[in-house]
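Good morning, and thank you for coming.

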Amino acid sequence: MAVIRWFFVILLLATGMAHGGAVEVREFSNPVLEQRYQSLTASLRCPKCQNQAINDSDSPISQDMRERVYAMLQDGRSDMEIRDHMVQRFGDYVLYNPRLEGRTYLLWGLPAVLVVAGAVLVMLLIRARRNASVRALSNEERHRLEALIKQEKGQ
Amino acid sequence: MTRRLLLMLPLVGFLVLGAFLYQGLSLNPFQRESALMAREFPAFQLPTLEDPERIVDESLLEGEVTLVNVWGEWCPTCKQEMPQLLDLADRGVRLVGVDYKDTREKGGAFLAEFGNPFEVNIFDSEGVLGFDLGVYGAPETFLVDRDGIIRYHHTGYIKPEDVHDVILPEVRKWQ
């Protein structure tokens, strides 16, 4: 038991160290601002790296971008303004969640369309199967079935 | 018959998706078009590397097709790229440098050692202009037309063959 506990302590320390490099100490006047800083830097993608958020990357451009996010937050800018500011410079690539616009309707809409299409398909299959089982009995068979049921009840 | 075709639908879907994903494997994730394409060169006000007293702005790029090259002494690929840039300057292309995140001493020494193909160098020690240009490494090169609009963007190293195959045709196109 003690061994397992130590294992988790070491694991926690190790993950803490892995993230230590990319995080500066920032002073915020209120916790809401800090929360917004955290979520913005987690949702912006580092343009230099393949798949890292800017809060997780040591590359110089990520440092610059974090600095800019911080400065713009202090300046009272909205999240939308900050995202647009980054997209204007580095392209849509920096957004982990693409914006909803003309050319991304398909991207956002397709999953919903597929779910609805799947549900319709399942409903059609169930209905088809139900109809098929009703139709499977001929008149003669139905009479026999009723006779059998009656016989069963009679006993 | 229609029923059989209907049964093929998932397979068709799978093949389309497969083809789509397969061609994604051979794409170079660093070959992304600049977000500034067909937009005005960002406004700036910075001193030159040559003369700290001289402040230049975006009007520097108007009136002539210009190749803006972002470089820095700290960037090894920029050194390899210099012969190509000198070649372009020899062929009459106007080049303006952006000395990005550098010190005056190092930037000056770099040009003294590897040659200076630039008409003038914008000294961007803090990387402010670089940020507005969406630069995330060096070297990067932007072609700006005579109205100050960005027309072409080259990410990374300009190879010797790129001079004739890519850069010069682009310059001619906008001249």
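How many bridges join β4(B) to strand β5 (residues 120-124) of chain B? Five bridges join them, and the two strands run parallel; strands here are DSSP E runs of at least two residues, helices are H or I runs of at least four, and both are numbered from the N terminus. Two strands pair if DSSP finds at least two bridges between them. Within this pairing, B:V96 has B:V120 in β5(B) as its bridge partner. The chain passes from β4(B) to β5(B) through helix α3 (residues 104-114) of chain B, in a right-handed β-α-β crossover. Right-handed means that, with the strands pointing away from the viewer, the path from the first strand over the helix to the second runs clockwise.

Please note that this is a predicted model: local features need pLDDT of at least 70, side-chain atom pairs count only at pLDDT 80 or more, and totals for chains, interfaces and linings use all residues. Residues are numbered from 1 along each chain as its sequence is written, with chains lettered from A and ligands numbered from 1 in the order in which they are written.

β4(B) also pairs in parallel with strand β3 (residues 66-71) of chain B, through six bridges, and B:L67 stands opposite B:L95.

Finally, B:N69 lies in β3 of chain B. B:N69 counts as buried because 27 C-beta neighbours lie inside 10 Å; the cut-offs are 20 or more other C-beta atoms within 10 Å for buried, 12 or fewer for exposed, and partly exposed in between, with C-beta atoms placed from the backbone.
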